[in-house]
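Work through the exercises below with the model open. Try each task before you read its solution.

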Amino acid sequence: HAYGSVSLNTGRYRSNTHLNNTSHSLKLGLDWAAAERLSGSLTASSDKNLAQFNNRTAAGVVETVKNTQTLKQFDAKVALGTVTRLTLEGAIGWRKRHYSADLYQYLNYDEKHGSLGAKFRASGALALGMAYRSTKTDYPNVPLGGSAEILATRLDRRDLDFTLDWTPTGASNVYLRLS
């Protein structure tokens with residue numbers, strides 16, 4: 001099953017024409033299944049829009065320079081045992097965020113993540129899962145304590161996720177994750 005969506009928007013300002021902006025959102029995906037018990041998905045997306053103003057200068061004035069945020073993402077998931085009580089699952093992904101304004105460069109990041117786990121279907125309405133998840137995030141433009149020096153920072157995170165997916169009725173679903 002292949003799918004996609006595209007959204008184009010334009011924003012125009014009467015008094016602040018320097019903030020005029022054209023934004024987009026693009027998403028492509030593929031859900032697949034093969035060999036009875038093997039399935040997965042691939043998704044890719046790209047978004048670009050005018051970022052929210054949230055920085056204040058030392059004098060307390062809100063910063064109003066034009067700043068666009070670009071977010072790109074790719075994810076791949078695979079599951080073995082989809083129609084059985086026990087399913088093995090794996091996922092990898094990549095996400096990158098970039099801001100155009102110099103003042104926001106410290107918020108740019110490049111992230112890679114992956115997980116490997118299992119899900120046990122206790123009943124038609126209840127599934128319990130456990131997975132190991134690793135995330136590595138690089139912030140290439142972190143300022144060093146008020147100086148002009150720039151530092152590259154890497155965050156490594158490892159989680160053990162416990163999940164509960166319960167569908168008490170066809171109209172409701174409860175999903176819990178404890179990491």
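**Exercise 1.** Which residue in strand 4 stands opposite Leu42?

Solution. The model is a predicted one.
- Start with the strands: strand 3 covers residues 38-50 and strand 4 covers residues 68-80.
- They pair in the antiparallel sense, over 13 bridges.
- Opposite Leu42 stands Ala76.

**Exercise 2.** Find the bridge partner of Ala79 in strand 5.

Solution.
- Strand 5 spans residues 86-99.
- Strand 4 and strand 5 pair in the antiparallel sense, with 12 bridges.
- The partner of Ala79 is Glu89.

**Exercise 3.** Is Gly81 buried or exposed? Describe its surroundings too.

Solution.
- Locate Gly81: the loop between strand 4 and strand 5 holds this residue.
- That hairpin has 5 residues between the strands, and Gly81 takes a positive phi near 100° there.
- The relative accessibility of Gly81 is 5%. Buried means under 20%, so Gly81 counts as buried.
- Beyond its neighbours within four places in sequence, Gly81 is in contact with Arg37, Leu86 and Thr87.
- Leu38 is 43 residues away from Gly81 in sequence, yet their C-alpha atoms are 6.4 Å apart.

**Exercise 4.** Which residues form the nonpolar patch on the surface? Then classify Leu88 by accessibility.

Solution.
- The patch consists of Leu38, Val78, Leu80, Leu86, Leu88, Phe120 and Leu128.
- Together they have about 570 Å² of accessible area.
- Strand 4 and strand 5 are the elements that give two or more residues to the patch.
- Leu88 belongs to strand 5.
- Its relative accessibility is 47%, so Leu88 counts as partly exposed.

Terms used
Residues numbered from 1 in each chain as written. Predicted model: local features only at pLDDT ≥ 70, side-chain atom pairs only at ≥ 80, totals over all residues. Heavy atoms only, no water. Pairing = 2+ DSSP bridges. Helix = DSSP H or I, 4+ residues; strand = E, 2+ residues; numbered from the N terminus. Buried < 20%, exposed > 50% of the residue type's maximum accessible area, 1.4 Å probe, protein only. Contact = heavy atoms within 4.5 Å. Patch = residues over 30% accessible without salt bridge, like charges linked within 9 Å, V, L, I, M, F, W, Y side chains within 5 Å. Areas by Shrake-Rupley, 256 points an atom, 1.4 Å probe, with all protein chains shown as cover. Salt bridge = Lys/Arg side-chain N within 4 Å of Asp/Glu carboxyl O.
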